[in-house]
Structures are given as structure tokens and as C-alpha cells.
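Keep the model open as you read.

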Amino acid sequence: KSLDEKEIIKRFRGSELQKYFERLHYKDIKISYKPQNIYVFVKLYGEKKVIEILESLVKSKEELSNILKEFNIENIAERKIKELSGGELQKILFIITSLKEHDLLLIDEVTNYLDIYERVKISSHLLEMKEKGDTIVIIDHDLSFINSLADIVHVVYGVQKAYGVFSSPIGASDGINQYLSGFIRKENLKIRDKAIKLDVKPYTDKKIGKDIVSWKKVYIKLDGFELMADEGSIREREIVGVIGRNGIGKSTFAKALAGEIKYEGEISKECSISYKPQYFDFSDLEITVHEFISRFNPEYKKDYNEYLVRLGLADLLDHRVNSLSGGEAQTLYCFSVLVKDADLYILDEPFAFLDIEQRINMAKFIRDIIKLKDKAALVIDHDVVLVDYVSDSIIVFEGEPGKKGVVNKPVENKIAFNKFLETLDITMRRDEKNRIPKINKKDSYLDRLQKERKEFYT
Ligand code: ADP
Ligand code: MG
């Protein structure tokens, strides 16, 4: 192994990386690393209690109690690592990684499993660490997360399952712009055929029509959890986004609309519904991708061939459904649900496990289907950029995770984001160059100005 490392150092002679690899080789540099796969940690430390691990990393009781409070983990401190949910485990691993002594913090896909509140809070926490002089590398598919934190970005391009190339460093705002445009200027290189445009919605929403589904005084009681929805509706040609914390009842509400669980109150729907649940398991499905889609719409090739190609499904048609990766399975299920004929489409976390490009392609597909065919949709997700892009209006869920959820009326995107950011006391603004929302540095001029004006999201 040490020979290999020396060869690597030689290979990068004369570059910045030579110095870095040298320091790494001579253990002159400490790295704290959060891997993408968080379940590796369960195998190693599953029997340990959260509090035991944290205690060994903090310098004082006070620091410990601050951390428990800041990350809202007092109620899981006594649990064993193996008992945590995906989101809880992600959060704990992030905290452990950031507490370990380090020169460099390496964070691989921390936003997975985390709700929109936690994503914004972790960005804000990392931003403060950065201000105090920390060096951080993040790998992520959430554009707003990257835009809020990064000073420079490397665009990684190439061919799936064949090769990947890191671009040279580019200023973050510009780098994200170039990534979206599909052209890396410094390298004079095209990485994609088409530019991705996010700031302008592909359609105007002036033609939003009559109610497709509406609800009134809906009440759902589950074991230990209750959900209330006063009133609201989703109209023809309208896409309603949903944001809220994990465990606040988003999926429960989706199930009620889809007619899968019991509720009190009124949900009016003479409409037909096509529904993609948040959790699904294809491991027992021995059928092919083609057979799977055919169950939803046997004629799909005729009408949606172009989308099959764009979403990367065209090459997978004879693959078995149970052999697909998480991202491929997600794409397949969303595609199938959307090509089925229905009036209302309900998509519970359609962007989970997808990379940035797949997310944007899926968002465009959702908008095309709803707008071209005069349908309606409810889309639940935690990615600020994508929820804003795909939605005509947004429902904010409030309440107390695990206990009580309140479903607000759909409101204008900006008002919805404003509401959720106000509860976190964090302000965001759109980047001038790339239009992606970005967190303001705490107590900076813009942060104070926006708070004064009650414009938490502009
Ligand atoms: P979200 O989608 O917003 O993360 P869910 O709607 O999945 O939240 O869950 C809301 C709450 O209801 C959670 O506390 C969850 O544990 C609980 N819950 C969900 N399904 C059931 C069920 N079938 N029985 C009892 N509790 C449930
Ligand atoms: Mg859910």
C-alpha cells in the first residue's frame, strides 16, 4: 500500500495535490469523513448508545447539551445506533464527523433521508464552521445545499459505469452555472447536449382551472399521531408541492388522498388517481422494466419514447425490476405512475436517490404531463430547488413530528418558503448569477435586512 501511495505522490509532482497527498501519506493531515453509506456505521457501532459516542467526542457537558439542543436530538440520545431511523442516523453521523478532530471535513451525501428543515439547518451549521476556518469538502445532489456552502466546485462528468473526470476548480456560482449550461469553459468541454434552465418555468400557470380534488375538515388518527387538514384543493393544470419535517404526516395525507387509509371529514374526488408511495420494495418483482410499465400503460412506447430516452429508461427495458439501483427504480416507478391515465397524480418523494440531472429531467417530465394534458399533481419532496421549480403552489405541513400534523392551505411558493424559513430563523436569497437559493451568513447585512423586512426567502 505505501508503495502505491508514493507512486501517487510522484504522479502529481509539481501540483497542489502533491503537497496534499504527501501530508496525507505522512499522516500530517487529519481527515474526518462521513461516508455516503451510513449503514456501515451500524455494523461497527450498532450496540453503542448515541450519548456514549457523543460524550467521548465533546470537551464539556455544556458542549454536549448545546449539541443535543441545536440538533434537536435530546429524545434519541439514549437510543442505540442500530435503533435509529435513516434520518436520525444521518444526523448523528454528521454530528460525530464534525466533532472529530480534523484538518479536513469530508461529507459525502449528507442530505439523503433528511427533511428540508434539517438540510437547511445543517447547511447553516456548516456555513458557521466554514466562517470559523474549517476546510470542508461536500458531495451532494441538492443544488441549494452546494450553492449555500461552496466557494469552489468541481464538476464531475463522464459516462456511467465507465469513467468519471473531475473538472479543475471553478468558482461555485459560476461552476454551478457551467454545470447547468452543459459547457465547462476552462476545459472547453461539452458535458451534455442541452442546457438545463431552472429559473424560468417552462409554462405560465395562467390557465389553472377548476378543482380536481378538494378537502374539508379532514382528521386522521393513527396510533399516537393525528393529522388535521382544514380545507384546500388542487386544481386542473396545477402542481401543488408539499414541504414539511419528517414524521409530520405528509405521506399519511398522500395516502388519504389516494384512498388508501381511513379518515374523518370530506375529500371530494370524482377523479381518478395515480399514486407513487414514498417507500416501495421491488426485490420480489421478477418481471422486466417493460412489463412493469405496461401494467400502467401498455401503449407507453408510442407516446413517451422521447421521455424514456431522456430519463435513461430506454436501455433498461429488458432488465429485471429487482436488479435496478435505487435511482433507476425510483425513475421507473415515477415514470410508470405518470404515463398511466389519471386526473390526479400523487408523487411522494419522487427525487429521492436521483442525481441532479435525473431530478431535473423528472421535474420537467412531471410538468409536461400535468400541463400538456390538463391534469393535476401533488408532489412531496425536500429539495428546495426542485420543489420550487416544479410547483405552482405549496402546502407547508406544521405541527410536532411524530405527534401532530397540520396541513395548511396551498399558497404561493415564496410565501410557503418564507413560512418555513421563519420557523428556523434562517434567511435565503437567490444567487445573482445562477438563481439557486442560498443561505445568508448569520447576522450578515442581508440576513439582518431580510429579517427586518420579514423576507426570509427572496
Ligand atoms: P412524513 O411523510 O411527513 O415523514 P408520515 O405520514 O409517514 O410522515 O408519518 C407521520 C406519523 O405517523 C409518524 O409519526 C409515523 O410514525 C406515524 N405513522 C405512519 N403510519 C402509521 C401507522 N400505520 N400506524 C401508526 N402510526 C403511523
Ligand atoms: Mg413521508
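## Salt bridges and a buried helix

In this predicted model, R192 and E357 join their side chains in a salt bridge, at 3.2 Å from N to O. R192 sits in the loop between β9 and β10 (211-222) and E357 in helix α14, so the pair ties together parts that are 165 residues apart in sequence. R192 counts as buried, at 13% relative accessibility, while E357 is partly exposed, with a relative accessible area of 29%.

Helix α14 deserves a visit of its own. It covers residues 356-372, and its end C-alpha atoms are 24 Å apart, which agrees with the 24 Å that its 17 residues should span. Is the helix enclosed or open? Twelve of its 17 residues are buried, so α14 is largely enclosed by the rest of the structure. At the start of α14, a side-chain oxygen of D355 comes to within 3.1 Å of the backbone nitrogen of E357. Just after the helix, D374 has a positive phi of about 55 degrees.

Back to the salt bridges: the count comes to 31.

| Pair | N to O distance |
|---|---|
| R192 and E357 | 3.2 Å |
| D174 and R185 | 3.4 Å |
| K441 and E131 | 3.7 Å |

For the salt bridge of D174 with R185, D174 belongs to helix α9 (residues 172-181) and R185 to the loop between β8 (183-184) and β9 (189-190), so the parts tied together are eleven residues apart in sequence. In the salt bridge of K441 with E131, the partners are 310 residues apart, with K441 in the loop between β20 (437-439) and α17 (445-452) and E131 in helix α7 (residues 116-131). K441 is partly exposed at 43% relative accessibility, and E131 is partly exposed at 42%. There is also a network of salt bridges that links K91, D115, E118 and R245.

Now for the metal. Which residues coordinate the magnesium ion (ligand 2)? They are S251, through OG, and Q278, through OE1, at 2.0 to 2.1 Å. S251 lies in helix α10 (residues 250-257) and Q278 in the loop between β14 (273-276) and α11 (289-296), so the pair ties together parts that are 27 residues apart in sequence. S251 is buried, with a relative accessible area of 19%.

Technical notes: Residues are numbered from 1 along each chain as its sequence is written. Chains are lettered from A and ligands numbered from 1 in the order in which they are written. This is a predicted model: local features need pLDDT of at least 70, side-chain atom pairs count only at pLDDT 80 or more; totals for chains, interfaces and linings use all residues. Side-chain values use heavy atoms; hydrogens and water are left out. Donors are N, O and S atoms within 2.8 Å of the metal (3.2 Å for Na, K and Ca); water is not among the atoms, so sites may look incomplete. Helices (H or I, at least four residues) and strands (E, at least two) are DSSP runs, numbered from the N terminus. Buried means under 20% relative accessible area, exposed over 50%, partly exposed in between (1.4 Å probe, protein chains only). The expected span of a helix is 1.5 Å times one less than its number of residues. A polar contact is a pair of N or O atoms within 3.5 Å; within protein, one must be able to donate a hydrogen and the other to accept it, and residues adjacent in sequence count only if both atoms are side-chain atoms. A salt bridge is a side-chain nitrogen of Lys or Arg within 4 Å of a carboxyl oxygen of Asp or Glu.
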